Amino acid sequence: MPAALAVVSLGSASVGAAQSNLYPSGGRAGGYRPGIDVVNYDLSIDLPDSGATFEGRAVLTVRRTARVDTLVLDLIALRVDSVLVNGRATPFGRDQATVRVPLPAGSGDELTVAVRYGGRPANGLIIRTDSLGRWSAFGDNWPNNARHWIPSIDHPGDKATVSFTVRAPSTLRVIAIGDLLEETPLAAKRGERERTLTRWRETKPVPVYVMVIAAAPLATYELGRTACGRAEFGCVAQSVYYFAEERAFLPGPFAQAPGIVDFFSTLVGPFPYEKLAHLQSSTSFGGMENSSAIFYADLLFKKHTLGPGLIAHETAHQWFGDAVTEREWSDVWLSEGFATYFAALWTQRSLGDSAFRSEMARTRGEVVASPVSVARAIVDTAETNYNKLLNTNSYQKGGWTLHMLRRLIGDSAFFGGIRTYYAKYHHANAMTDDLRRELERSSGGDLGWFFDQWLRRPGFAELTTSWRYAAAERRVILEIRQSSRFAPYRLPLVVEVVDAGGVARRVTVQVTATATQRVTLPLDLTAAPRSVTFDPDVDLLAVFAAR
């Protein structure tokens, strides 16, 4: 999902609050458009020379998986001129948020539904003219704003392939997700501006929230091809699309983009899409991970504050969020937590272990300071304002959960399980328990307690620790107390002891889910140690206090 931007140009929080009562929660498994699976969208968009009114035609290939007599499409406010089902004109129902299309009798069949529509979108497709008089249009769908400009099943549980055919003024460059199929100049009518037809095709099923186009006077900076032999389409061609005045900024942080793709392709699996474009855009977020076409906030280019951490975060989403998509909004941590942690892994790869530990310490502090982390679980089935799921639970605490899993089961089992999870669910949907099962298989142990403890209840570990040296036994004795604010945690705690001679030794203590615990360390010490340090490598989502 998106990375936050300090200045949100469209006020997404207030928009989300207004929408929370309009959009029902849940997915296909939870009752959102049951019995319907959209297989493909073929979208034709005619963009204007000026203003914000467009004309569209959406042809949906729909598969019925149960006996359903009405197709309910999400489409807010725009006019609908006609609907065809299998080529035949069909009466339809219309309200503020949906189009209701009666379907012929039968089940298990595949249908073609064509909707001709148009108007001025209030959201989703951001059409504007900037301070230099340049007209542009950028899709900005997350979480469920595609319904403002695309008749759709606007939910992550229904993924589909998509084609875009866009007619726009020839002064604009049209970019979309997928592979470029055509750019054809059209014969201009007398008195009209020249126009170009551009077609893009995404052949892999993706969630509707990443089905976007961009139309703007963009220049191109080529980053070359990378991950050759480690991509589903051979190599990954990467480009940056930018407004001409930002040329001096490039390549800047994008110099790391090829290495990021190569690293994640090795760590997780083949890059899943036809290309990877990076666009200066009008997204309301700092970055938005549209499959194969990441949109970054215009302001970050202008202020030259876009960094490699954001690029790594949005690139990680190509695997986690875009290719493997959470089936329900409540499991958005499977997207954001993964992107947060894999961006930290890029920090470790590019800057070293110290920088990685500093980043983990910083994000731990953000979790501890967050009221959301104290009050709500990561897997949050109660929240229906999806913008509010973009919080420290989904991002930082989700990333920390993955880090602790890695430390608990070891690198081999962790990354092996992640690769198996990705291979099994890429181009499909997954839930938290799907991840748990794959990691249990790779590690050979039960992880239900871990997932329940860190994902399905609020909070974090709060430990008060003390130690003393027992000269008669030549041992260090620890006392560990857990606060009563949260239920006690079960966790492996690394303790580093520096003996009187300055030699550091480490012991892993298995902390039990009890209020107090006394532990004698299995170290034979002839004198009191110089120091005892708890969690020296920043491996636990815990607050430590000495007593």
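A nonpolar core is a set of buried Ala, Val, Leu, Ile, Met, Phe, Trp, Tyr and Cys residues joined through side-chain atoms within 4.5 Å. Here buried means under 20% relative accessible area, exposed means over 50%, and partly exposed lies in between (1.4 Å probe, protein chains only). The structure is a predicted model, in which local features need pLDDT of at least 70 and side-chain atom pairs count only at pLDDT 80 or more, while totals for chains, interfaces and linings use all residues. Residues are numbered from 1 along each chain as its sequence is written, and side-chain values use heavy atoms, with hydrogens and water left out.

In soluble globular proteins, nonpolar side chains tend to be buried together. The largest nonpolar core of this model has 167 residues, of which Y41, L47, F164, F254, F342 and L435 touch the most other members. Helix α5 (residues 333-351) gives the most to this core, namely ten residues; helices are DSSP runs of H or I, at least four residues long, numbered from the N terminus.

F254 is in contact (heavy atoms within 4.5 Å) with L223, V240, F249, H278, Y296, F301, L306 and I311, leaving aside residues up to four places away in sequence. One of these partners, I311, is among the buried residues of helix α4. Because seven of the nine residues of α4 (residues 308-316) are buried, this helix is largely enclosed by the rest of the structure.

The model also contains one disulfide, defined as a pair of cysteine sulfur atoms within 2.5 Å. It joins C228 and C235, whose sulfur atoms lie 2.0 Å apart. The link is right-handed, with 120° about the S-S bond. C228 counts as partly exposed because its relative accessibility is 42%, whereas C235, at 15%, counts as buried.

Definitions and conventions: Helix = DSSP H or I, 4+ residues; strand = E, 2+ residues; numbered from the N terminus.
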